[in-house]
Amino acid sequence: MKTGLPSRATLAALSLALLLPARAAETPAGLVDIGSLSPPAGGGQFVEVNLRGDLLAMAARVVAREEPALAEMIRGIRAVRVHVVSLDDSNRREVKDRIARFRQDLADRGWERIVTAQAPGEDVAIFLKTRGDEALEGVAVTVLEGDREAVCVNVAGDLRPDKLAELGEKLGLQPLHHAGLKLRKAETR
Amino acid sequence: MKPVSPSAAPVRPPRPTRPRPLWTGLSLALLVLAAGSGCAPAPDPLHAGHEEVLAALPGEWQTHIQVSAGPGLLALVRAGLALTPAEPPARAAARAVRSFKVSVHRHLAGNRRAPGLLAAADQALGRLGWERVVGALEGRDLAAVYTRAGAGAARRLPLCVLAFDGEELVLVTAVGDLDAVLALAREHLPAAAGGFGERSGPIHAAWPRHRKAP
């Protein structure tokens with residue numbers, strides 16, 4: 001039997017499912033749905049992660065013994081959604097349009113756009129959904145890397161702004177990590 | 001050389017008949033489990049998803065291997081491993097899994113595009129209350145992981161894993177003891193462990209080209 005299974009993707013998929021497995025009944029306020037994006041017809045990368053409360057709570061229980069601080073952070077999370085989509089001629093226009101509509105929708109719903117970074121080949125927007133002055137209910141990061149790739153990360157829950165960078169780092173979500181750093185920088189100004 | 005007469009040979013004392021608690025216990029366990037439903041292969045409705053996915057896949061597929069084991073059989077395996085000098089990973093794996101069904105299928109004809117397969121699996125499992133937590137496509141490769149909605153309320157984690165490399169499709173449905181599954185994952189999947197404490201987390205693995213700061 002051939003063993004050339006999609007090792008990296010399989011490993012990622014398995015590890016995520018095992019480690020970050022859904023309190024799912026109600027939709028958390030900070031959870032936003034970009035909808036289903038089309039994979040590239042040319043076979044580029046396409047990753048979707050959709051983790052809800054029960055599984056996250058389960059993961060928190062499991063890591064509590066070894067990493068109590070991380071477990072505490074995970075307990076606050078109600079949902080994590082990640083989309084990574086390579087762009088090609090088959091899906092570029094649709095995905096870009098979807099991201100533009102998504103950003104507009106967030107702004108219309110009162111999400112605060114804390115970062116806008118547009119450079120040649122890169123277009124980043126970071127949005128926060130706040131509750132009062134202290135609490136964060138959601139973070140959404142959208143990245144268009146030129147014509148090559150689109151990334152959308154949404155984390156919902158009872159989030160602590162000062163822990164966002166750390167959470168992003170621990171979960172391996174670089175856009176979230178950088179959103180946290182930006183937020184920290186903005187707060188110290 | 002001096003011949004030794006048979007009478008001169010040392011006489012061994014008769015071996016005392018020792019009780020064999022392990023074997024007795026194992027035999028009893030076998031009888032009890034065989035008498036009950038424990039030896040039945042993978043129980044439904046957990047593994048109903050397995051058949052549902054296979055029926056829903058587009059194209060023609062030939063089954064190469066199909067193996068399943070229910071909780072009874074796996075209890076026997078655990079008991080058996082306890083009596084043998086098995087490697088710790090084997091013991092850990094046996095402890096982790098409570099029931100499983102694995103099958104390998106080869107694509108014969110028809111549509112085998114990964115997005116189509118993923119959509120078919122989503123639909124089939126969705127009807128049975130499974131939800132996809134991860135889906136990854138790259139080239140002809142596909143990996144997807146599903147769990148039952150509300151699974152987190154229990155310590156037992158039902159999982160369905162689908163992997164396709166363009167030719168062969170591996171489908172696994174299993175229910176495992178969460179703590180043991182995670183212990184195993186953390187030990188054997190470096191990327192998995194990395195997700196909780198190291199920089200090379202699981203999402204990194206699915207995210208190889210996007211590491212720059214915004």
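## Pro175(A) and the fold of chain B

Pro175(A) is buried because 27 other C-beta atoms lie within 10 Å, where buried means 20 or more other C-beta atoms within 10 Å of the residue's own, exposed means 12 or fewer, partly exposed lies in between, and C-beta atoms are placed from the backbone. The model is predicted, so local features need pLDDT of at least 70 and side-chain atom pairs count only at pLDDT 80 or more, whereas totals for chains, interfaces and linings use all residues. Residues are numbered from 1 along each chain as its sequence is written, while chains are lettered from A and ligands numbered from 1 in the order in which they are written.

Pro175(A) belongs to helix H6 (residues 174-188) of chain A, helices being DSSP runs of H or I with at least four residues and strands DSSP runs of E with at least two, numbered from the N terminus. Between the C-alpha atoms of Pro175(A) and Gly132(A), which are 43 residues apart along the chain, there is a separation of 24 Å.

Chain B contains eight helices and six strands, arranged along the sequence as α-α-β-α-α-β-α-β-β-β-β-α-α-α. Of the 214 residues in chain B, 39% are buried. Among the contacts in chain B with a separation of 6 or more, 66% are between residues 24 or more positions apart, a contact being two residues whose C-beta atoms, placed from the backbone, lie within 7 Å.

Helix H5 (residues 114-127) of chain B has 14 residues and spans 20 Å from its first C-alpha to its last, close to the 20 Å expected at 1.5 Å a residue; the expected span is 1.5 Å times one less than the number of residues. Its buried residues include Ala114(B), Leu117(B), Leu118(B) and Ala121(B). An α-helix has 3.6 residues a turn, so residues three or four places apart point the same way. The buried residues of H5(B) pack against helix H2 (48-56) and against strands E3 (130-138), E4 (141-148) and E5 (156-164) of chain B. Just after H5(B), Gly129(B) has a positive phi of about 90 degrees.

In E5(B), eight of nine residues are buried. The table lists the pairings of this strand, two strands being paired if DSSP finds at least two bridges between them.

| Strands | Sense | Bridges |
|---|---|---|
| E4(B) and E5(B) | antiparallel | six bridges |
| E5(B) and E6(B) | antiparallel | nine bridges |

Val145(B) is opposite Val161(B) in E5(B), and Ala163(B) is opposite Val170(B) in E6(B). The hairpin of E5(B) and E6(B) has three residues between the strands, and in this hairpin Gly166(B) takes a positive phi near 100 degrees.
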